[in-house]
Amino acid sequence: MIAFYPQIKLLHIACVIASGSLFLLRGLLVLGHVGFGQHVVLRWLSYAIDTTLLTAAFMLMTMLHLYPLAQSWLTVKVLLLCVYVVLGYLALHGALRPRARATSLVAALAVYLFMASIAYRHDPLGALGMVRQWR
């Protein structure tokens, strides 16, 4: 299975980009009160992308023997994924007031970008780890 590592990693990265882009699009549509933001096609597309993303993540984790609780950066990333899901729910469905939805959307996108920086650097501090290098 390790022979397929480059393809699975590329699929994972593509799904990360697609998932984040679709979330941003849906969030902006919901904030703009455009009914299409909650359209069944966009919701199912989101489910399909996220399922593929998680499947690729589990395949990579198994292939490389990288597990949460064993690697601190992966533990932080999984915990932030839970935060991202809650914030995403509030942005798209849960928050009643537009300002709360907008705040949740911005916070979810910040968590998304921070998770990407953690994955890129393999450092639990992600992009903030660069501050440690300057000292």
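Predicted model: local features only at pLDDT ≥ 70, side-chain atom pairs only at ≥ 80, totals over all residues.
## The aromatic pairs

The model holds 3 aromatic pairs. One of them joins Phe23 and Tyr84. Their ring centres lie 5.5 Å apart. Phe23 sits in helix H1 (residues 5-31), while Tyr84 sits in helix H3 (residues 72-94). The pair therefore ties together parts that are 61 residues apart in sequence.

Another pair joins Tyr84 and Tyr112. Here the ring centres are 6.0 Å apart. The planes stand at 35 degrees, so this pair is tilted. Tyr84 belongs to helix H3 and Tyr112 to helix H4, so the contact links parts that are 28 residues apart in sequence.

## One cluster, buried rings

Phe23, Tyr84 and Tyr112 form one aromatic cluster.

Phe23 and Tyr84 are both buried. For Tyr84, the relative accessible area is 12%. Tyr112 has a relative accessible area of 16% and is buried too. The cut-off for buried is under 20%.

## Asp123 in its loop

Asp123 lies in the loop between helix H4 (98-121) and helix H5 (129-134). Its relative accessibility is 9%, so Asp123 counts as buried.

The side chain of Asp123 has a polar contact with the backbone. A polar atom of that side chain lies 2.9 Å from the backbone nitrogen of Leu125.

Note on methods. Residues numbered from 1 in each chain as written. Heavy atoms only, no water. Helix = DSSP H or I, 4+ residues; strand = E, 2+ residues; numbered from the N terminus. Buried < 20%, exposed > 50% of the residue type's maximum accessible area, 1.4 Å probe, protein only. Polar contact = N/O pair within 3.5 Å; in protein donor to acceptor, adjacent residues only side chain to side chain. Phe/Tyr/Trp six-rings, centres within 6.5 Å; stacked < 30°, edge-to-face > 60°.
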